[in-house]
Each structure stands twice: as C-alpha cells, then as structure tokens.
Amino acid sequence: MSERIPTVETFEPIHPKKVKAKSSDNLIHTRSFTGLFRTLRMAGAGFLFLAFFGTVWLNWGGRQAVLWDLAESKFHIFGATFWPQDFILLSALLIICAFGLFAITVFAGRVWCGYTCPQSSFTWLFMWCEKVTEGERNQRIKLQAAPWSLNKLARRSAKHTLWLGISVLTGLTFVGYFTPIRPLAAELLSLQMGGVSLFWVLFFTGATYLNAGWLREAVCMHMCPYARFQSVMFDKDTLTISYDAARGEHRGPRKREVKPSDVGLGDCIDCQLCVQVCPTGIDIRDGLQMECIGCAACIDACDSIMDKMGYARGLVSYTSEHQLQGGKTHLLRPRLIGYSAVLLVMIAALVVALVGRPMVSLDVTKDRGMFRENSQGLIENIYSLKVINKTQQRQDYRLELEDAAGFQLQGKTEISLAPGEISDIPVSVVLLADKPTTSSQTLRFKVTDIDEPWIHSAADSRFVAPMNR
C-alpha cells in the first residue's frame with residue numbers, strides 16, 4: 001500500500017471583508033470620526049490645499065510668482081527664472097522626490113498615500129461634501145435605498161454642485177500654473193476662454209470629479225502602481241498600521257464592566273467601527289493588505305472605543321512586525337540608512353547646483369559654411385551667439401574669446417539685455433596667422449557681466465581653416 005503524503009498546515013491570508021463596509025448598493029459609505037491622526041491629516045491637507053489654490057494667485061516683481069510659461073519657455077518660481085537648459089535640475093528634483101518616497105515607505109509604509117496624496121486628499125474633501133449634503137453614514141445608506149423624491153433630488157443636486165464647483169476650481173488652478181491665472185479666470189467667467197485653455201480646464205475638471213467623486217478607492221486599489229510595489233520596500237521594522245491579534249482575540253461584544261479575561265475574550269469588541277471608517281473598505285484585523293493606504297482612520301476609531309471601554313489604546317496602531325512578535329523596532333537599519341544617505345547627498349548636490357547655476361546662458365552655433373576669406377585675405381568663420389539674461393535685472397555683458405591667441409572676435413562685443421531677454425548676435429572670428437597649424441581648432445566663447453564679473457558663461461565651438469594655403 002502506498003504511503004500517504006504528509007500534509008503541512010500553511011497560512012492563507014484572509015481576504016478583506018469589504019462587504020462589511022459597503023451597503024446594499026455596493027458603495028462604501030464611511031462613518032465620521034475624530035482623533036489625533038485625523039487632525040494631523042486635516043492640518044496637512046489644509047496646508048497643501050492652501051499652497052495649491054493660493055500660490056497661483058501670488059505676484060512677484062510684477063508677474064505671477066509661480067508660472068510655467070510654456071509659450072515663452074520660461075519657468076518662474078518666485079525670484080528665480082529657469083530655462084529649458086535647466087531641465088536637468090527638474091530631473092534631479094524628481095529623482096530626489098522618488099528617493100524621498102522610498103525612504104519614507106521603508107520607515108513608515110504608505111503615509112504618503114494616507115496624508116498627502118492628491119487622490120486621497122480630494123477624496124476626503126468630497127466625502128466631507130457628501131456628509132454635509134446627505135448626512136451621516138446611516139442617512140446616506142437610507143437615502144441611497146430610498147426612491148427618488150424632491151428631498152433626494154435636492155440633496156444629490158447639492159452634493160454634485162459642490163463636487164463640480166471644487167472640480168472646476170481645481171482645473172482652473174492647475175491650468176493657471178501654465179497660463180496666467182488672472183486673465184484665465186476672467187475669460188472663464190466671461191465665457192470667452194480659448195479652445196486650448198478650455199480643453200485643459202475641462203479635462204482636469206472631469207478628472208477631479210471622476211477620480212475623487214466616483215472612482216475613489218478604485219484608483220488606490222486598481223490604478224495606482226504604488227500599491228503594487230510598496231511591499232518590496234517593506235521590512236520587519238517598517239511601521240505599518242496593524243491589529244494586535246494577540247491582544248484583541250478572541251473578539252466579541254461584552255458589557256463595559258466585564259473584564260475580557262473573565263469571559264475568554266480579547267480587547268476587540270467587534271464593533272466594526274474600524275471597517276466603517278476605512279475609505280477603502282478593508283478590515284485591518286485581516287492583516288496588512290494592498291488596499292490599505294495608511295490613513296490611520298482605523299486607529300482613531302479603535303482608540304475611541306478603547307477609551308469608552310476603559311482599555312489601553314493601541315489595539316490598532318503604527319507598529320512593526322518585530323514589535324508585534326514581542327521584539328523591538330529597529331529604526332536605524334541598512335536599507336533606511338542607505339536611502340537617507342543617498343537622499344541627503346542628492347539634496348546637497350541640488351543645492352550646490354542651484355547656487356552655482358549660471359545666471360547668464362550662452363549657446364554658440366557655427367554657420368553652415370565651412371569658412372571664407374575676407375577682404376584682407378584672412379580666414380574667417382561665422383557664428384551666432386545666443387545669450388540669455390537669467391537674472392531679474394537688466395544686465396550689460398561683454399563677449400570675448402578665451403585663451404585664443406592668434407584669433408580675433410569681430411562684431412558686436414557688448415550688449416545690454418532686459419530681465420529674461422534672449423538675444424541672437426552674429427559674430428565672426430578671424431585667423432590672424434597666414435598659415436593655420438591645423439584644419440580644425442576648438443574655440444571657447446565667453447560672456448561676462450561687466451558690472452558683476454562672477455556672472456559669466458562659456459561655450460565651445462570649432463574653427464575650420466584650409467591646410468593648403
């Protein structure tokens with residue numbers, strides 16, 4: 001008789017019990033709550049909303065303080081103006097943001113998603129609009145199930161009016177960072193907005209209305225790639241929102257005056273409040289899940305119940321796997337130190353690059369012709385010098401050749417440029433020697449501020465001459 005293959009018990013993650021957070025209409029209706037983390041999230045979101053909606057209206061030196069002027073290829077950020085040549089700085093900034101996200105994820109999981117992600121922030125704002133117009137969770141569930149009436153129509157109309165108002169303001173503000181906001185707003189109010197601007201305002205209005213009003217948790221659960229690769233950056237010391245099963249189980253209802261140990265229960269009273277406040281509809285007691293955005297709503301809800309029951313807080317908390325297993329959380333560990341070190345080095349490099357960024361730009365373009373012989377019989381090359389004044393004041397510049405013995409720069413050698421002005425200057429370079437030593441030689445052109453010599457820039461080009469003279 002053949003031997004039986006021995007079986008081994010394996011752990012199978014329990015699937016999120018989303019049905020508990022949803023009503024019969026299959027929608028998530030979150031419950032209102034208060035708590036420390038909600039206050040922190042509201043304060044952070046309030047600051048970000050103020051920065052986003054307010055900065056675009058600030059002026060600086062007679063212009064919009066922050067404006068990515070695509071038509072003029074200028075990027076104004078308060079007192080600084082950046083040009084396409086400075087694109088490498090934007091790339092460096094995006095890389096720094098990516099490493100910052102990696103570092104914060106290793107340390108504390110998806111706190112970006114829960115506290116500062118635009119999708120989450122606007123979703124919380126839209127849910128607040130729902131609460132104001134349709135009532136609390138139970139009222140919204142009843143309203144959803146009720147037949148259409150004047151009351152339902154009025155409440156739904158008020159909700160969608162608020163949603164659309166916020167969406168239009170969001171679309172207008174976003175486009176206002178690329179097109180001056182004041183004339184753009186005037187054009188919108190007078191219904192005279194141009195086709196391109198109108199398209200983008202409507203596009204971002206629709207995106208905000210759809211994502212924050214209708215898709216909501218679906219964006220975080222099915223569309224956002226961060227939810228898919230976040231687990232790669234987690235380790236056993238990452239602070240994630242976790243349920244302490246050793247303390248909470250077995251769960252069940254009981255009277256406040258009854259000690260859990262007397263009835264064989266843990267501290268969890270199975271009130272379902274942690275599920276009802278979750279914006280993605282998961283049960284945190286099922287363990288760490290991809291859908292968890294780290295917003296800590298379940299912590300606030302659970303802590304409020306623990307306070308009412310007279311139990312210690314922290315049944316659901318920010319904790320690590322090591323701590324749940326009875327160990328200690330190691331804050332300093334190789335991966336986190338590595339990410340933080342690289343992040344600090346990149347930030348320092350960016351600061352140095354910004355401080356040392358030349359405030360005048362010089363580009364040299366050689367004429368398509370190889371060379372020519374001028375009236376004196378000397379070999380001559382033609383060039384076009386493109387000079388950009390990156391400062392916020394009018395500047396006077398001198399054009400010259402650097403370390404170019406035997407060559408002479410001819411043409412306009414002193415220019416005056418207004419702030420942000422671009423000037424194309426045709427010049428020629430003459431070879432003073434009768435016979436060139438080589439058919440091609442590198443020349444360095446230099447532009448220097450006459451009054452502030454530390455403001456300068458240089459660019460190289462080639463000088464071509466015949467060898468058979």
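Val66 is a residue of strand β3, which spans residues 66–69; helices (H or I, at least four residues) and strands (E, at least two) are DSSP runs numbered from the N terminus. This is a predicted model, in which local features need pLDDT of at least 70, side-chain atom pairs count only at pLDDT 80 or more, and totals for chains, interfaces and linings use all residues. Residues are numbered from 1 along each chain as its sequence is written, and side-chain values use heavy atoms, with hydrogens and water left out.

With a relative accessible area of 6%, Val66 is buried. Buried means under 20% relative accessible area, exposed over 50%, and partly exposed in between, with a 1.4 Å probe and protein chains only. Not counting residues up to four places away in sequence, Val66 touches Thr55, His76, Phe78 and Tyr177, where contact means heavy atoms within 4.5 Å. Thr55 is eleven residues from Val66 along the chain, and their C-alpha atoms are separated by 7.1 Å.

## Backbone details

Phe78 sits in the loop between β4 (74–77) and β5 (80–82). Its phi is positive, about 55 degrees, although Phe78 is not a glycine. The residue is partly exposed, at 31% relative accessible area.

The loop between α11 (245–248) and α12 holds His250, and Gln272 is found in the loop between α11 and α12 as well. A cis peptide bond links Glu249 to His250, with omega about -5 degrees. Gln272, a residue other than glycine, has a positive phi near 70 degrees; its relative accessibility is 17%, so Gln272 counts as buried.

## Helix α4 and its partners

Two packed helices are described by the angle between their axes and the distance between the axes. Here axes are lines fitted to C-alpha atoms, for helices over the stretch in contact, and angles run from 0 to 180 degrees between N-to-C directions. The axes of α4 and α6 (residues 150–176) come within 8 Å and cross at roughly 150 degrees, which means that α4 is roughly antiparallel to α6. Angles under 35 degrees count as roughly parallel, over 145 as roughly antiparallel, 65 to 115 as roughly perpendicular and the rest as oblique. Residues of α4 in this contact include Phe122, Leu125 and Phe126, and those of α6 include Leu162, Trp163 and Ile166. By class, the contact has eight nonpolar, three polar and five charged residues. Ala, Val, Leu, Ile, Met, Phe, Trp, Tyr, Cys and Pro count as nonpolar, Asp, Glu, Lys and Arg as charged, and the others, Gly among them, as polar.

For α1 (residues 36–55) and α4, the axes come within 11 Å and cross at roughly 105 degrees, so α1 is roughly perpendicular to α4. Arg41, Ala45, Phe49 and Phe53 of α1 meet Ser121, Phe122, Trp124 and Leu125 of α4. Six of the residues in this contact are nonpolar, one is polar and one is charged.

## Nonpolar cores

A nonpolar core is a set of buried Ala, Val, Leu, Ile, Met, Phe, Trp, Tyr and Cys residues joined through side-chain atoms within 4.5 Å. The largest one has 40 residues, of which Ile241, Ile284, Cys298, Ile299 and Val316 touch the most other members. Elements that each supply at least two residues of this core include α2 (87–108), α4 (118–134) and α13 (297–309). The largest share, eight residues, comes from α13.

Leaving aside neighbours within four places in sequence, Ile299 is in contact with Phe37, Ile241, Val316, Ser317 and Tyr318.
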